[in-house]
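Hello,

Here is the structure for you to look over. My notes follow below it.

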Amino acid sequence: MLPGLTGATHHDPTKPKAPAFSITSRRTVANADCSPGPVYKLPPNYTRYGRDGTLAFSVHGRLKPLAPSCTPGPGQFSPDFLKLSTFKSSPAYTLSSRPKELTKNQTPGRASYRLPPLFGTKGITTSSAPSFTITGRTEKGSFLEDITKTPGPAAYNAADPYMCKPKPPQWTVTGRIFPPDKAAQTPGPGPSYSVTFTKPKAPSFSFGIRHSQYSVPLIVNVDEI
């Protein structure tokens with residue numbers, strides 16, 4: 001649906017639109033006199049040129065007495081030691097115990113160091129001839145490295161040649177079979193039974209009792225019911 005050409009809202013933006021005005025309620029009239037009244041109380045020593053410069057005095061309480069002076073007297077000084085700072089003197093030393101801070105110092109002593117060797121490859125101040133080291137053969141990057149991880153020819157067993165060629169007859173060698181003698185425990189004619197599953201047999205039926213949930217039970221003593 002195309003926008004309309006009338007009204008102020010949803011007007012067609014491609015068409016000219018006359019100015020629209022909104023009508024609202026009348027606002028409250030503000031107070032025309034915004035100056036403050038005689039609510040300020042200026043000090044009497046203020047004039048139109050500023051504050052009056054005459055002397056003024058204030059009345060306060062009595063100050064607390066000052067604390068007694070703690071300055072040292074002449075007997076607290078020792079002028080005997082002033083010569084150490086004003087006159088030249090020979091050096092003097094004092095003997096005291098080792099301070100505790102030095103016990104925590106873990107610096108090595110003079111015996112902890114030694115001069116570098118003059119033989120071998122670890123010389124620092126002397127030149128040494130080139131040296132070589134012999135190590136074992138590594139598998140990385142050598143011909144022994146198996147990158148593909150494929151099995152070798154020894155991983156397979158020998159194939160049977162008769163799988164693809166004609167095979168001759170084979171015999172096995174076993175022990176000799178002896179005929180049974182009188183001491184052998186052979187079964188008599190009684191334990192044996194005739195085998196009938198190799199001959200044809202007529203169908204056979206079995207007679208049983210018909211079972212049904214609707215059959216009437218057998219009632220023997222009628223007087224007890």
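**What I found**

His-10 is found in the segment before strand S1, which spans 46-47. Please keep in mind that this is a predicted model.

Start with the backbone at that residue. His-10 has a positive phi of about 55 degrees, although it is not a glycine. Most residues other than glycine have a negative phi.

Now go to His-11. His-11 also sits in the segment before S1. Is His-11 buried or exposed? His-11 counts as buried, because its relative accessibility is 14% and buried means under 20%.

What does His-11 touch, leaving out residues up to four places away in sequence? Its contacts are Pro-3, Gly-4, Leu-5, Thr-6, Pro-16 and Lys-17. Leu-5 comes up again in a polar pairing: a polar atom of the His-11 side chain lies 2.9 Å from the backbone oxygen of Leu-5.

Asp-12 is next. Asp-12 lies in the segment before S1. Asp-12 is buried, yet has no salt bridge. The nearest side chain of opposite charge is Lys-15, 5.5 Å away. That pair makes no salt bridge because the cut-off is within 4 Å. Setting aside neighbours within four places in sequence, Asp-12 is in contact with Pro-3, Gly-4 and Leu-5. Pro-3, Gly-4 and Leu-5 are also among the contacts of His-11.

Last, the chain as a whole. How many helices and strands does the chain have? The chain has one helix and two strands. From the N terminus on, the order is β-β-α. Of the 225 residues of the chain, 1% count as buried. His-11 and Asp-12 are both buried. The accessible surface of the chain comes to about 26000 Å². Carbon and sulfur atoms account for 60% of that surface.

Best wishes

Methods
Residues numbered from 1 in each chain as written. Predicted model: local features only at pLDDT ≥ 70, side-chain atom pairs only at ≥ 80, totals over all residues. Heavy atoms only, no water. Helix = DSSP H or I, 4+ residues; strand = E, 2+ residues; numbered from the N terminus. Buried < 20%, exposed > 50% of the residue type's maximum accessible area, 1.4 Å probe, protein only. Polar contact = N/O pair within 3.5 Å; in protein donor to acceptor, adjacent residues only side chain to side chain. Contact = heavy atoms within 4.5 Å. Areas by Shrake-Rupley, 256 points an atom, 1.4 Å probe, with all protein chains shown as cover. Lys, Arg positive; Asp, Glu negative; His and termini not counted.
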